[in-house]
Amino acid sequence: MTRTQTLDLNGSGEAALGSPSRRRFLRQTSATAGAAWAGAFSLGFYLPPAAADKLATDGPRAGALDINAWIRITPDNQVICEVARAEMGQGTSTSLPMLLAEELECRWEDVRMEFASVNEHLARNKVYVTFATGGSRGTRDSQLVMRKAGAAAREMLKAAAAERWGVAASELRAKLGKVSHPATKRTATYGELAQAAALQKAPADIVLKPAGQWTLIGKPLPRFDIPAKSDGSAIYGIDVRLPGMVYAALLQCPVFGGTPVSFDTAAVLNRRGVKKVIAGPDFVAVVADNWWRAQQALKSLKVVWDYQGGEKLNDAAVQKILEAGIVDAKVLRADGNFDAAWTAAQAAATTGVKVIEADYFTPYLNHFTLEPQNCTARVNGDHAEVWAPTQNAEATQAEAAKTLGVPLQNITVHRPYLGGGFGRRGASQDYVRQALQIAKEVPGVPVKLLWSREEDMQHDFYRPVALYRQRAVVDGSGKLTAWQAHIASQSILERVRPASLKDGRDFQAAEAFHDMPYEVAHVDVRHGICRINVPVGFWRSVYHSQNPFARECFLDEVFKAAGKDPLLGRTELLAPNSRDRKVLEAAAQAGNWNGKLAKGRFQGLAVQDAYGSFAACVVELSVNDQKAVTVHAVTVAVDPGHVANLDSARAQIEGNVIYALCTMFLSEINIQDGRVVQSNLQDYPLMQLRQTPRINAVLVPTGGDAWGGMGEPPYAPITPALANALAAATGVRVRRTPFSHDGFTLA
Amino acid sequence: MQLKINGKAIDLAIETDMPLLWAIRDEVGLTGTKFGCGVALCGACTVLLDGEPVRSCSVPSGAAVGRKITTIEGLGGKSALQKAWIAKQVPQCGYCQSGMLMAATALLARKPQPSDADIDAAITNLCRCGTYPRIKAAIKAAARI
């Protein structure tokens, strides 16, 4: 069969011929997927959202249901799964098809994936729910949708076979890509049944397999994207090549918020290959026939900037703003009466009651995606095509449309791979805006905008700087009875989603504190939002990249004062059956806590829940007399509820350990004269292979209905565990990162 | 000038001081070799020059004339290291892996049975995702250690 046919099924069971945009989409996907899919029959179906029952009977709206998932099955049994989330190395583009295939009962080797089209999403009333890839949500927020999609398709294939053979669907079995009727020994492949299946009514009730029957979920399966990433053929944003393409290099105002005033193009335009100099609101760009030529020309371009007063900011000024933020902090949680407990404790200081006070500090951090920011765009009149390494193709489309002042549907977004994401390329689409601003000045010509590493270092949306002021009271029996944490930091949400603040309070910025798992009688958590002229954004594990460092290290200080073992102290404060306690005990056991250690080695531990998962870490290290630290082993236990792809989950733990080691020992962004001091790897180094510890990745999923994330949760307990081990080894309590401030280096 | 890349002679009318990276990527069109830092510190742009790993962002094209240039595309996709890379599921985002594979290829050519210390010393390329443990395991697997 070579005819391309399109049939959609919605929740009411109605079949409808596809709209023009739908047919256009099919042609696009056929073209991008290669000749193998050309002319393939498509099984596309709508799955009802939560309110499906209502919608299905709600006549006028019945035809406009959201799709939750997508499957296509070709006559030769290939199962193509659409993936809306971005692939940036976390493995989601394999994990999501695994979830779908688990219920579809096809052969895993027949499964392929394609990145879903944001244009199709728009044309079909947001069928893919979201393209946002962050907050460790890729799998946990998609798992139910994907499993239901697979199960619904399986039931429709069975219904088609039942109709063909004139038997009851209940007599049929679906397995390994075939439907069989054991009583009459008849079988048909999914490919043979797909066309008829698309005409079947979507099942109203979908019963999912219990976890005990899973054959794919939780297994360590090879990822789809790895072969192409091992032979150089994987296409990242930076690799896009189009006929007639030109290249753009840019210079942004070094001071945040500044604008270009003037520049002399005379010395630039006669350089080889240079085509144009373009000024944007916050940048000047050179367009040339080769990126290096553009970048070289840029270096000889003398730009005069208006700094808008931003040049007065420096680290000392930032510190002052943080101090003021502590004073102005608003209450996020108040249990008992901390102030009364604190006052009483000071009066009772001679009776064995102890008070502890300490400040912690964490600096700005750069994401350092190894692929610098880039975007390719071609503007044709009021339409544009965009190729972007993006964590949110929908946000990319919106940014491009806004920049050109055209409707969303006029923007076509292509989705190459990302050379790292870590939160840089989702909510912040500055590089997309700039590419469009440049491309519209060379109409019809594709332009690839690529930032230099220096631009990337100095124009990030940084992990916020934060100051923590904590106090605690330990009673005469050694019990922690009162805990105060006053925090000052910039609010990411205030910039990105101001509506999510509650009465001017940012709960996300105080995560790990206002929602701490410990049972303490008097708790006082406050957060002050600081406004500083340094752009901030989501960075791997967001405030969980820094708040647990302050919380779990301070807690170790409390236990030291109380004379308690850090494990015992924590378990006493955690509910007996809590997941925090279980995962902490799992890490302690796997990490040989308080076991026999080689001479000179010391341990530290910490626990933290984040993004629906629970994680704990045990670090083992030694320190020489030059204060060089050798990290020997890092054990991280994670309870994500369920694991999708076991090998990807382990890889995320490994990656988080190394990301955290870089942060604790090496990384810091400083501000001087309104600009970022660091410019490249010579002053923002990353750790090397030779410094890699033995990593013990322990997965202890406890099941249940809720799934947790894996991309960020492992990070949260690692940073405090490192500092706690360092304190155990040296007696020095480091209260700011990187540890180089206290003279420690990574051996 | 003429560059010999992956066994093919390619004539290019480019400046002698254009870094080899940009000749390979923008002029020849081989995009497996990546740009990371531009200052020879990250290793994403690693290629082999007469078998030796070099950071192509900092090698002038003129200096590569008359020498054998090998890029990731020149490994063919089925080398023992590339097979080990897939077997050990090494890449995450994958952006550094072309450079890693070139550095590892040069190491095994020089030392078919490298020690841990040899691997530590030879692989100075940077990975942001944290694939170092698997890179080490894959090199050992390819060397059958």
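Reply: In this predicted model, strand S1 (residues 2-5) of chain B pairs with S2(B) in the antiparallel sense, over four bridges. One of the residues involved is Gln2(B), whose bridge partner in S2(B) is Asp11(B). In general, strands of a sheet pair through backbone hydrogen bonds, either parallel or antiparallel.

These two strands belong to an open sheet of five strands in chain B, with the order S2-S1-S5-S3-S4. The pairing across the sheet is mixed. Strand S2 (8-11) and strand S4 (52-55) of chain B are at the edges; each has a single partner strand, so one side of each is left without a neighbour in the sheet. On average, neighbouring strands are turned by 40° against each other, direction ignored.

A helix also packs on this sheet: H3(B) touches strand S3 (46-49) and S4 of chain B. The direction of H3(B) makes about 35° with that of S3(B).

Next comes the contact with the other chain. Here 42 residues of chain B are in contact with 46 residues of chain A. Helix H3 (97-110) of chain B is among the elements that give two or more residues to this side, along with helix H1 (20-28), helix H2 (80-87) and helix H5 (132-142) of chain B. The largest share comes from H5(B), with four residues. By class, the side of chain B that touches chain A has 22 nonpolar, 14 polar and six charged residues.

Methods. Residues numbered from 1 in each chain as written. Chains lettered and ligands numbered in written order. Predicted model: local features only at pLDDT ≥ 70, side-chain atom pairs only at ≥ 80, totals over all residues. Contact = placed C-beta atoms within 7 Å. Nonpolar A, V, L, I, M, F, W, Y, C, P; charged D, E, K, R; others polar. Pairing = 2+ DSSP bridges. Axes fitted to C-alpha atoms, helices over the stretch in contact; angles between N-to-C directions.
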